[in-house]
Amino acid sequence: RRLMLRVNTQYITKRFEQLSEADKRYLCQIKANMRSVLLADFQFLLSRPDILERIQKMQIENMWTEALQTAADIQPYQVPGVEHFFSPINREIVATLSMATHLQGFHLNNFTLTRVMLHAMASLNALRTLIVHACPIEELAALETLPVVPSVVNLTLAPGHVPGYEVVQLVALFPNMRYLTVAGRPKGGSCTLPFEEFRQAHNPFRTLERANFEHIDDEDVPVLFEWILAAGQATGLRLTHFRLELEYGLVRDELAQLLPALAGAPLRVLALEGVSHVDDDLFTRLAGAFPALTALTLIRRQNTRQTTSRPSHWPGTTAEYARRLAAFPALRHFVWNYYIWPLRCDTTYDLPLVEAGYPGELSEEDFEENCYEAKWDILPRLFRAYCPTLETLVFSLLHVALMEYTIMRSADGGIQWRYRERAPSEQFDKINPMLSAKSTPFENSWHVVPSREVDPTMSA
């Protein structure tokens, strides 16, 4: 179920200075009506407990950005206990949560997170997944006075415009977390981590099995590794899935910190979307540290200007990297952003064409056929020869497979493959899922689904 405080979508991407006086007058006129529409949706649900009790997933979203709220003279929070524009909406959120007794997934987007909301969540024994996106937390009291929510095992925190470290501190309220995403924003919206005193008292990596950190502050990257290391030294790590996405790639010293921090973790899936230092021993060290690895994603940042996951010129050849994959005894899926297309240049085949005055019927295909191999059929054979367990080889462009080979054994024991290009990869969502506003937030293959509890009084 999705409930929204709506606004015309043409305004959502506008900054405050881009809004005219007419825009501001219009926003002031419609704000009360939009709130009334949302409140009516809440009241309908509250009048139908038969519907509300069956809802398993709910998303409550505020489309009014900070700029639009300012333009419409909406003051969401000033003095504790004083009525403001969002107060009636907050009360309806709490009432709705309290009656949604079978709710398993809840996504709150751009509404203030309050103490009573947390109390309502804590009362939901079925709640397993919580997503908090761009939610101010000014109204929350000290953490030690807030209720814990023991039922939640999947937590996503995307601070948005809210100071990151304050939102990340919410991990203290979810003692049974097994999946965690902390996502800042690219290009200036990186997320900071809590201070040392908090990190020493609360360490989510003691229970986490799957962790995804996107766009955390560059200065906090070593802090993250120290946080992981502290959990490993105290209780040992349970991490089977780990993903880290950074605008500026990991340098040599940071990689030297990461591997010892994750040492001993039973990692099966590792995605490093942002590595600037790629030396001859990188694959060997990864294979030695994580012998059970079945999926590996490596996205190289060629230089400081390359902050997105586009193809990159790696220092070695494909044959060299195929040979290094032999160090992984169980690897099944390999994704990287190796720039496979060579630079175009004239070759000696041009000489007869020059003598003929370059006939007009020469096609682009003729050029490609003479300049370089266009089908690359050798690649799946090459990588499979060194890594016999390999099933998927992807050359990526952002989150699209520029080239993807699905490799399998034929009936006669040989090698065959299926080839796709410039299409969404079949493996990305499984081995390298990123938080995307375009995707349904509950559709995440890394979410932990607890097995159904068996009543001990029932027979086998």
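Contact here means heavy atoms within 4.5 Å. With that in hand, among contacts in the protein between residues at least 6 apart in sequence, 74% join residues at least 24 apart.

The model is predicted, so local features need pLDDT of at least 70 and side-chain atom pairs count only at pLDDT 80 or more, while totals for chains, interfaces and linings use all residues. Residues are numbered from 1 along each chain as its sequence is written, and side-chain values use heavy atoms, with hydrogens and water left out.

## Overall picture

The protein has 15 helices and 14 strands; these are DSSP runs numbered from the N terminus, helices being H or I with at least four residues and strands E with at least two. Of the 460 residues, 50% are buried. Buried means under 20% relative accessible area, exposed means over 50%, and partly exposed lies in between (1.4 Å probe, protein chains only).

Now for the interior. A nonpolar core is a set of buried Ala, Val, Leu, Ile, Met, Phe, Trp, Tyr and Cys residues joined through side-chain atoms within 4.5 Å. The largest one has 122 residues, and Phe 106, Phe 205 and Phe 334 have the most contacts inside it. Not counting residues up to four places away in sequence, Phe 106 touches Met 58, Ile 60, Ile 93, Leu 97, Met 121, Leu 127, Thr 129, Leu 130, Ile 131 and Phe 442. Another core, of 10 residues, lies apart from the largest one, and Phe 428, Ile 431, Trp 446 and Val 448 are among its members.

## Two helices side by side

Two packed helices are described by the angle between their axes and the distance between the axes. Helix 4 (residues 87–99) packs with helix 5 (residues 115–122) at an angle of about 10°, and their axes are 9 Å apart. The axes are lines fitted to C-alpha atoms, for helices over the stretch in contact, and angles run from 0 to 180 degrees between N-to-C directions. That makes helix 4 roughly parallel to helix 5 (angles under 35 degrees count as roughly parallel, over 145 as roughly antiparallel, 65 to 115 as roughly perpendicular and the rest as oblique). Helix 4 brings Asn 90, Ile 93, Val 94, Leu 97 and Ser 98 to the contact, and helix 5 brings Val 116, Met 117, Ala 120 and Met 121. These residues divide into 7 nonpolar, 2 polar and no charged, where Ala, Val, Leu, Ile, Met, Phe, Trp, Tyr, Cys and Pro count as nonpolar, Asp, Glu, Lys and Arg as charged, and the others, Gly among them, as polar.

## Residues to look at

| Residue | Relative accessible area |
|---|---|
| Leu 5 | 0%, buried |
| Asn 212 | 2%, buried |
| His 215 | 9%, buried |
| Asn 203 | 12%, buried |
| Gln 416 | 37%, partly exposed |
| Gly 188 | 77%, exposed |

Leu 5 is found in strand 1 (residues 2–5). Beyond its neighbours within four places in sequence, Leu 5 contacts several residues, including Met 34, Leu 38, Trp 64, Phe 85 and Phe 111.

Asn 203 lies in the loop between helix 7 and strand 7, and its side chain reaches the backbone nitrogen of Phe 205 at 3.0 Å.

Most residues other than glycine have a negative phi. His 215, in the loop between strand 7 and helix 8 (221–234), has a positive phi near 55°. Asp 73 has a positive phi too, of about 60°, and lies in the loop between helix 3 (66–71) and helix 4.

Gly 188 sits in the loop between strand 6 (179–183) and helix 7 (196–201). Its C-alpha atom is separated by 9.2 Å from that of His 215, 27 residues apart along the chain.

Conventions
Polar contact = N/O pair within 3.5 Å; in protein donor to acceptor, adjacent residues only side chain to side chain.
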